[in-house]
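Have a look at the sequence and the 3D view first, then read on.

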Amino acid sequence: MIRIQILGSAAGGGLPQWNCACANCVAARTGKIEAQTQSSIAISADSEEFQNCWLINASPDLPRQIENTTRLQPRRDASRNTPIAGVLLTNADIDHALGLLLLRQQEKPLVVYAADETRAMLAWLDRTLARFCGIEWRKISSTFQSLDSSLGFRAIELAHSVAFQFLDQASGRLALVAPAVSELTRELSEASAGSDVILFDGTFWSDHELACVRAGARRAREMNHLPVSSGSLNFLRQSPARRKIYTHVNNTNPIFMPGSPERVELEQAGIEVARDGLEIVL
Ligand SMILES: [Zn+2]
Ligand SMILES: [Zn+2]
C-alpha cells in the first residue's frame with residue numbers, strides 16, 4: 001500500500017497569505033473557510049505508521065506541519081529521531097525548499113533527491129546547510145529507482161520542474177504527484193493514465209487570476225503553472241485514475257471556496273481539492 005498525507009495544500013504564501021485581502025484570504029481569516037499551509041506531501045509504503053516516509057517538497061510551514069501530524073513526529077524515546085527519510089524536490093521554488101533549512105538540527109546529512117538544475121539553483125541553501133547537517137544530494141531518473149525496500153519512484157521531466165511517480169513494490173499501485181506543471185507532455189499523460197491516484201497542480205483557476213488582486217501581475221502560464229480551467233481540467237476529467245486531487249492551490253483560486261461555481265464544476269467532474277491533513281491510502 002501507499003499512504004499519502006497532504007501536509008500543506010496551498011501554493012506559496014499559504015491561505016491566508018500575510019499581505020493578501022482576496023475573498024479567500026478574508027474568508028480564512030474570519031474562519032469561514034479553513035486556513036491551509038504551504039504545499040508539501042508525505043508518502044510512505046509502510047502498512048501502519050510512517051516508519052520511513054518521504055516528503056515531496058519542504059515548505060516553510062514544515063515544523064508546524066510535523067506538529068500537526070502525529071506520524072511525522074519523533075518516536076517517544078530519549079534520543080533524537082525522525083521518520084522523515086528525506087525530501088524530493090520538484091523544483092527550486094522558495095516555498096518548496098525553504099523547509100530544508102528548518103531541518104538543520106538533523107544529525108546526519110539530509111537526503112535530497114532533485115534534478116541537477118534544481119540543485120544548482122539551491123547552491124545558496126546548500127552552502128548554508130553545510131554549516132549544520134549538510135545535504136546528501138541524490139540524482140533522479142526517468143526510470144524507477146528504489147527509495148526504500150517498499151517504495152520506488154521515477155521523475156517525469158517537465159520544462160521548469162519535475163513530477164514524481166511512486167510505485168508500491170508490493171501491490172504495483174502507482175501514484176502521480178505533480179504539484180508544479182507548466183505543460184501537458186506526452187510522458188506526463190502516459191504516467192497519469194497508469195496511475196491509481198493523481199495529485200495535480202491546482203495553483204490557478206484562470207490564466208489572469210493574479211491580476212485581479214495585483215495590477216500587472218504575471219499570468220499563470222508565465223509563472224509556469226497550467227491554469228485549471230483552460231489547461232488541466234479536461235485532462236483530469238478524462239483520466240481513469242481512481243482519485244484525482246488538485247493541490248498546490250493558490251489562495252486566490254476560487255476552488256478553495258466550497259460552493260463556488262468553480263468548485264462545483266470540479267466536484268461534478270469527480271475531482272477533489274486537497275486540504276491539510278487529507279490522507280489517501282491506496
Ligand atoms: Zn510552489
Ligand atoms: Zn489571498
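In β11, Ala175 finds its bridge partner in Val197. That pair belongs to a set of 4 bridges that join β10 (residues 174-178) to β11, and these two strands run parallel. Strands here are DSSP runs of E with at least two residues, helices are runs of H or I with at least four residues, and both are numbered from the N terminus. Two strands pair if DSSP finds at least two bridges between them. In general, strands of a sheet pair through backbone hydrogen bonds, either parallel or antiparallel.

Zoom out, and you'll see β10 and β11 in an open sheet of 7 strands, ordered β7-β8-β9-β10-β11-β12-β13, with mixed pairing. At the edges stand β7 (145-146) and β13 (272-273); each has a single partner strand, so one side of each has no neighbour in the sheet. Helix α7 lies across β11 and β12 (243-247), running at about 160 degrees to β12. Contact means heavy atoms within 4.5 Å, and angles run from 0 to 180 degrees between the N-to-C directions of axes, which are lines fitted to C-alpha atoms (for helices, over the stretch in contact).

## How to read the model

This is a predicted model, where local features need pLDDT of at least 70 and side-chain atom pairs count only at pLDDT 80 or more, while totals for chains, interfaces and linings use all residues. Residues are numbered from 1 along each chain as its sequence is written, chains are lettered from A and ligands numbered from 1 in the order in which they are written, and side-chain values use heavy atoms, leaving out hydrogens and water.

## The other sheet

Another open sheet has 7 strands in the order β6-β5-β4-β3-β2-β1-β14, again with mixed pairing. Its edges are β6 (135-138) and β14 (279-281), each with a single partner strand, so one side of each is left without a neighbour in the sheet. From one strand to the next, the twist averages 25 degrees.

Down at the β14 end, 3 bridges join β1 (residues 3-8) to β14, and the two run antiparallel. One bridge pairs Arg3 with Val281 in β14.

## The zinc site

Which residues hold the zinc ion (ligand 1)? They are Asp95 (OD), His96 (NE2) and His248 (NE2), at 2.0 to 2.1 Å. Donors are N, O and S atoms within 2.8 Å of the metal (3.2 Å for Na, K and Ca), and water is not among the atoms, so sites may look incomplete. The spacing of the donor residues in sequence is D-H-x151-H. His96 in helix α3 (residues 94-101) and His248 in the loop between β12 and α8 (261-268) are 152 residues apart, so this pair links distant parts of the chain.

His96 is buried at 0% relative accessibility, and His248 is buried too, at 2%. (Buried means under 20% relative accessible area, exposed over 50%, partly exposed in between, using a 1.4 Å probe and protein chains only.) His248 also has a positive phi of about 55 degrees, although it isn't a glycine.

Asp207 lies in the loop between β11 (197-201) and α7 (228-238). Asp207 is buried, with a relative accessible area of 17%, and its side chain makes a polar contact of 2.5 Å with that of Arg219. A polar contact is a pair of N or O atoms within 3.5 Å; within protein, one must be able to donate a hydrogen and the other to accept it, and residues adjacent in sequence count only if both atoms are side-chain atoms.
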